Amino acid sequence: MKFSKFGQKFTQPTGISQLMDDLGDALKSDQPINMLGGGNPAKIEAVNELFLETYKSLGVDNDTGEANSSAIISMANYSNPQGDAGFINALVGFFNRHYDWNLTAENIALTNGSQNAFFYLFNLFGGAFTDEQNESVDKSILLPLTPEYIGYSDVHVEGQHFAAVLPHIDEVTHDGEEGFFKYRVDFDALENLPALKEGRIGAICCSRPTNPTGNVLTDDEMAHLAEIAKRYDVPLIIDNAYGMPFPNIIYSDAHLTWDDNTILCFSLSKIGLPGMRTGIIVADAKVIEAVSAMNAVVNLAPTRFGAAIATPLVANDRIKQLSDNEIKPFYQKQAKLAVKLLKEALGDYPLMIHKPEGAIFFWLWFKDLPISTRELYERLKGKGTLIVPSEYFFPGVDVTDYQHAHECIRMSIAADEQTLTDGIKVIGEVVRALYDDAK
């Protein structure tokens, strides 16, 4: 049996397939696994209770308390390819209420998760184009700050179409402590990127907060990126999977803006509903039309179950209250615990922690690590602890000679306290032994 080039591309080993395989294997393993590698959100009691309460109420009229089958019937039918109209209308009201963006239903489409959304968007704006002279031009997605999300790397139908800029690395303090660093956009390198000047960029994309590092681009950095995008007539795509307004896992001072040259992507996954596979795109109507057409071909229509759960929570603002009062404080507490545990385990060793500014991960830099973090990943996996090695997080960059890309790991802080404690203990033991043996 032979596969096409398309099939061969999507069946070869990738970072995201390894991540999801390890996640699934860990969940069904008979042996205890310190799951610090996956992207599953934390199991927060108040969050789960609200979702269960909402689910139970789906078939009940809120005014009379009597049975109402309208919500169940809606889930039993396809929506149109743009997505569930009731949820889209609730989102329009929510964003206009909180941000005054003057959106209409023509500005929002739903997808089967944000990974699905980026498959669409990166293939809409990256790949083969025909210019005004009817000549073929290959355009890339510009990542202004790497490392970036592991799931971006392999979504293009043909090849990989990325241009990326390596970061400035600043050593900083956090809560008065040393041993932290922060990535910042290198705008000099960005503005002088040949692909940008030569018209070979189709869109600019960043995640905020950034997966894997927890970095939050400042408002000034975002404004500068928006200005560059408009100057070169390309859209600015912002991945808000961990950001504002839900789940709002951001600890720094940041604001969310939108205009018709900006494409905002949201998800229900990190508020606690990853299995619902519900992504949200806010964009100019022309982009929404294109996404809807792609939905029709790839999915017929987006799933409606996540929309059914989220619609009342968006309409009455409980999703924002949940994010602000339960989800964000939970991860802030986890971040403080993780810093404490890491300092205890590796305080005298060359560990640097990316300043925790948001998301559900820590990004750890082991300077002059004697082995690559792929090898470290295998050693930790052998001891029942899963992390993700850094090499996968540099799409668009040849990391062969970039040592920093081989010295970092992504570690989830979404696990329960005992798993976090046990996992960091194993990381500490293995890493200490590596440095000690290299002396």
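## Helix 12 against helix 14

In this predicted model, helix 12 meets helix 14 through Gln334, Leu337, Ala338, Leu341, Leu342, Ala345 and Leu346. On the helix 14 side, the residues they touch are Glu417, Leu420, Thr421, Ile424, Ile427, Gly428, Val431 and Arg432. Sort the contact residues by type and you get 10 nonpolar, 3 polar and 2 charged.

As for geometry, the two axes come within 9 Å and cross at roughly 30°. Angles under 35 degrees count as roughly parallel, so helix 12 is roughly parallel to helix 14. The crossing of this pair is right-handed. Helix 14 itself covers residues 417-438.

## Helix 12 against helix 3

Helix 12 (residues 318-346) also packs with helix 3 (residues 45-56), at an angle of about 160° and with the axes 10 Å apart. Anything over 145 degrees counts as roughly antiparallel, and that is therefore the label for helix 3 and helix 12. Helix 3 passes helix 12 in a right-handed crossing.

Helix 3 brings Ala46, Val47, Leu50, Phe51 and Glu53 to this contact, while helix 12 supplies Arg318, Leu322, Glu326 and Ile327.

An open sheet of 6 strands runs in the order 6-7-12-13-16-15, and its pairing is mixed. Strand 6 (168-174) and strand 15 (388-389) sit at the edges, each pairing on one side only.

Inside that order, strand 12 (residues 351-354) and strand 13 (residues 361-366) pair in the antiparallel sense over 3 bridges.

## A salt bridge across the chain

The structure holds 13 salt bridges. One of them joins lysine 182 to glutamate 357, with the closest N and O atoms 2.7 Å apart. This pair links distant parts of the chain, since its two residues are 175 residues apart. Lysine 182 belongs to strand 7 (residues 177-184), whereas glutamate 357 lies in the loop between strand 12 and strand 13.

Strand 3 (residues 127-130) pairs with strand 4 (residues 136-143) in the antiparallel sense, over 4 bridges. Glycine 127 has lysine 139 of strand 4 as its bridge partner.

The two strands form a hairpin with 5 residues between them. Have a look at asparagine 134 in the turn, which has a positive phi of about 65°.

Definitions and conventions
Residues numbered from 1 in each chain as written. Predicted model: local features only at pLDDT ≥ 70, side-chain atom pairs only at ≥ 80, totals over all residues. Heavy atoms only, no water. Pairing = 2+ DSSP bridges. Axes fitted to C-alpha atoms, helices over the stretch in contact; angles between N-to-C directions. Parallel < 35°, antiparallel > 145°, perpendicular 65-115°, else oblique. Left-handed = near helix turned anticlockwise from the far one by under 90°. Contact = heavy atoms within 4.5 Å. Salt bridge = Lys/Arg side-chain N within 4 Å of Asp/Glu carboxyl O. Nonpolar A, V, L, I, M, F, W, Y, C, P; charged D, E, K, R; others polar.
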